[in-house]
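Student: I am new to this structure. Please take me through one part of it closely, the place where two chains meet.

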Amino acid sequence: MKVLVAVKRVVDYNVKVRVKADNSAVDLANVKMAMNPFCEIAIEEAVRLKEKGIASEIIAVSVGPAAAQEQLRTALALGADRAILVESSADLNSLAVAKLLKAVVDKEQPSLIILGKQAIDSDNNQTGQMLAALCGYAQGTFASKVEVAGEKLKVTREIDGGLQTVELALPAVVTTDLRLNEPRYASLPNIMKAKKKPLETLTPDSLGVSVASTLQTLKVEAPPVRQAGIKVKSVEELVEKLKNEAKVI
Amino acid sequence: MAILVIAEHSAGVLAGATLNTVAAAQKIGGDIHLLLAGENLAALSEVAAKVAGVNKVLVAESSALAHLLPENVAPLVAGLVQQNGYSHVLAPASTNGKNYLPRVAALLDVDQISEIIEVVSADTFKRPIYAGNAIATVQSSAAVKVISVRSTGFDAVAAEGGSASVEAVTAAADAGKSAFVGEELAKSERPELTAAKIVVSGGRGMQNGDNFKLLYALADKLGAAVGASRAAVDAGFVPNDMQVGQTGKIVAPQLYVAVGISGAIQHLAGMKDSKVIVAINKDEEAPIFQVADYGLVADLFSAVPELEKAL
């Protein structure tokens with residue numbers, strides 16, 4: 001089966017971001033960028049499906065600026081067969097991304113679409129669900145285990161109380177949780193080989209998709225700063241402070 | 001203007017997060033309709049009708065809605081919005097809400113606003129981005145605002161005192177795309193993590209799952225819930241539903257005790273709105289001490305039992 005994996009270029013997860021002085025956005029100038037960690041897990045899962053002989057072709061797709069080619073090359077180095085960049089310099093909302101991905105799905109007709117459960121920049125956790133809705137497909141979100149059984153997909157999902165297993169008709173959309181797998185590292189030979197793999201560039205216009213949004217960001221602020229407190233010397237002092245000063249126990 | 005709030009419930013009990021979501025709806029203003037979707041809702045609808053601030057309880061009963069499969073819930077909600085012309089649809093940002101709500105938004109062809117922590121006005125909301133390291137104020141011009149609510153951002157409304165009318169609505173048919181197979185729920189006598197007044201959390205420093213007994217003993221003395229960092233979950237010390245952080249649960253208790261947790265950005269995202277934070281860690285350079293109100297540099301294996309005895 002053909003598997004489509006969506007990846008996003010985001011700020012590296014270890015970077016402590018700062019808000020711009022004019023409160024317009026987070027300052028991303030000269031900040032280290034990387035593939036969203038949940039998307040790495042999505043790629044890894046697709047590659048494992050290929051290694052098991054279930055997936056026949058893996059297509060990595062990203063919606064974003066020209067620089068997102070780097071993340072697509074990473075996906076190719078990790079085992080994707082070819083890549084598609086839907087190039088847009090605009091800051092797109094999840095619905096617009098889902099509509100663009102839907103256009104790619106219509107073109108490529110994959111049996112399985114894997115996305116991360118959320119991007120660590122917008123923290124939206126929406127795109128996979130929206131894509132499933134637009135395509136009319138079933139969705140298996142926050143997946144920690146994925147098994148293909150004929151025309152069905154068995155997905156174990158992480159839910160608030162524990163784990164839930166659902167069975168989905170294919171084609172379906174799956175979004176990955178952190179515990180789905182441990183992504184591999186790309187080896188140098190694979191990084192070199194990835195440079196020769198095909199990478200196609202499309203635009204929202206060429207896909208006939210409007211990326212207009214009803215959502216506008218008015219302001220981005222730094223959160224209230226928590227003051228570092230005091231260090232206590234002993235457990236007795238801690239208990240005394242919690243009882244008499246903080247009055248929380 | 002009327003607002004549709006989708007209730008969270010399980011095993012015949014209305015989840016606390018529903019009350020926080022109704023509180024957010026009250027800040028927006030307008031009639032509030034609470035939707036109960038699922039099976040065997042007779043007793044629960046009486047409970048829901050008593051929730052303060054709710055004008056009407058809509059009950060959608062169907063086996064197809066039993067486990068809130070999004071393929072079946074989303075068309076139901078989108079249909080109700082089209083039928084009744086709601087201005088807002090709100091759901092708790094639980095794993096259920098996060099699962100079906102974006103699907104509802106896409107069916108209605110509107111953007112969704114995730115995890116609001118403040119209502120500025122009926123069309124303007126605040127929400128954290130970048131693991132809580134920035135707060136965005138967003139304005140929506142959509143005809144229907146579809147919003148998930150971070151429960152720790154709003155004080156719960158009273159569970160008693162309301163007198164809503166109860167109305168049955170036609171439940172959607174099974175879309176036939178998905179089926180519930182089974183569930184493995186963690187059993188615990190302790191309070192629910194997201195609603196607990198005190199949370200005791202352990203990280204990699206606990207070394208193994210057995211040592212979490214120390215935290216359970218401490219938690220039981222305090223009437224606290226027990227949480228964990230991702231490191232502790234990934235190492236298999238405890239199940240994933242105990243994870244606190246950007247990708248786990250968001251908590252804001254009166255007291256948060258972080259034991260053997262370094263305090264990575266992703267963990268802080270889930271607990272830094274706690275009223276008082278206590279850190280117990282033997283590494284005095286650990287970032288957790290930068291947000292802790294009270295820090296104790298000590299070996300947790302001696303400090304935690306000592307703390308338990310001192311209480």
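**Where the chains meet**

Tutor: Four salt bridges cross the interface of chain B and chain A. A salt bridge here is a side-chain nitrogen of Lys or Arg within 4 Å of a carboxyl oxygen of Asp or Glu. One joins the side chains of B:D293 and A:R226, at 2.8 Å from N to O.

This is a predicted model: local features need pLDDT of at least 70, side-chain atom pairs need pLDDT 80 or more, and totals for chains, interfaces and linings use all residues. Residues are numbered from 1 along each chain as its sequence is written, chains are lettered from A and ligands numbered from 1 in the order written, and side-chain values use heavy atoms, without hydrogens and water.

Now the wider contact (heavy atoms within 4.5 Å). Chain B gives 84 residues to it and chain A gives 80. Together the two chains bury about 6,800 Å², with 53% of that on carbon and sulfur atoms. Buried area is the accessible area (1.4 Å probe) that two parts lose on being put together, summed over both. Of the area that chain B buries against chain A, B:D111, B:Y130 and B:Y294 supply 12%, more than any other three residues.

Polar contacts also link the chains: 49 residue pairs, both at pLDDT 80 or more. Such a contact is a pair of N or O atoms within 3.5 Å; within protein, one must be able to donate a hydrogen and the other to accept it, and residues adjacent in sequence count only if both atoms are side-chain atoms.
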